[in-house]
Amino acid sequence: MEHRPRRLRQTPAVRRLVAQTRLHPADLVLPMFVKEGLTDAVPLASMPGVLQHSLDSLVVAARDAVAAGVGGLMIYGVPEHRDEIGSGATDPDGILNVALRRLRDELGDSTVLMSDLCLDEFTSHGHCGVLDDRGRVDNDATLELYAQMALAQARAGAHVLGLSGMMDGQVAACRAALEEAGFTDTIILAYAAKYASAAYGPFREAVDSALQGDRATYQQDPANFTESLREVSLDLAQDADIVMIKPALPYLDVLHAVAGEVDVPVAAYQVSGELAMIEAAGANGWIDRDRMMLETLTSIKRAGASIILTYYAVEVATILRATI
């Protein structure tokens, strides 16, 4: 007897019926950038379709994203002025904290409001922590500032704090500060396995990065796999609620392994360089841009992500809602 697996592929309706992996709008989180001093949104050359927002345009775009059904919003602040210690990150009147308050006031609990908890957007040197007298990132001094940032962002209304700096002990430091101040319900999303990737380039345009050098001493080496499992284990032991793999597509093996090991939600970030590659190849007619957009997100979900941060969140949520 011949076996004919193609029977289950013969029509769109059959393929839809037997599909093992399904994207849903609620799986998707939209990263958004708000820049201090802007009066109108500004498009980003290296990230087609993505904007640096003013406070007003951020609110409008956030409302549209919620209406499209996305699961959450991740907010990044871009300050007008930076200093060595990133003081704008802990200032209640800093752009990120102001934006979080505005969004929480406007949206309440209708979506999940996430905040980027890292110093890189706020430091004059562009690193994710403060520097010692030899120009190295000082892990423990940075943790003190992360704890202050956690409190500032929780007070501003963030439901979820996205700890993206890859400092040792960052989850424990922030959790302790939150607990002591009574923010027992604030969720910690740990960027547990964040690699020192070439795919972050366009993001640095989005946040007007002042980075000097690289982040290879604190982000993970792309050659290494098992340390991801160790990083995840450490973050969970420190009471992280969600763990994240970043970038997504080049590290699907890591994502799949982590998803099989843990009993908390696992997120993955389709980063700026992933978007830029799809957009550039699509614009040149080398690939079908829309199909590739959906195919890559489906592969991330199939590998084990229950939450996907993607700049395509609103567009894909709109497509998916039309088919649900």
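R175 counts as buried, because its relative accessibility is 7% (buried is under 20% relative accessible area, exposed over 50%, partly exposed in between; 1.4 Å probe, protein chains only). The model is predicted, so local features need pLDDT of at least 70 and side-chain atom pairs 80 or more, while totals for chains, interfaces and linings use all residues. Residues are numbered from 1 along each chain as its sequence is written, and side-chain values use heavy atoms, without hydrogens and water.

R175 forms a salt bridge with D239 (a Lys or Arg side-chain nitrogen within 4 Å of an Asp or Glu carboxyl oxygen), with the closest N and O atoms 3.3 Å apart. This pair joins distant parts of the chain: R175 sits in helix 5, and D239, 64 residues away, in the loop between helix 7 and strand 8. D239 is partly exposed at 38% relative accessibility and takes a positive phi of about 80° just after helix 7.

Helix 7 covers residues 226-237. S228, E231, V232 and D235 are its buried residues.

The salt bridges number 14. One of them joins R102 and E106, at 4.0 Å between the closest N and O atoms; both residues lie in helix 3, 4 residues apart, about one turn. R102 and E106 also belong to a salt-bridge network with D56 and R63. R289 and E315 form another bridge, at 2.6 Å between the closest N and O atoms. That pair connects helix 10 with helix 11, across 26 residues.

Technical notes:
Helix = DSSP H or I, 4+ residues; strand = E, 2+ residues; numbered from the N terminus. Expected span 1.5 Å × (residues − 1).
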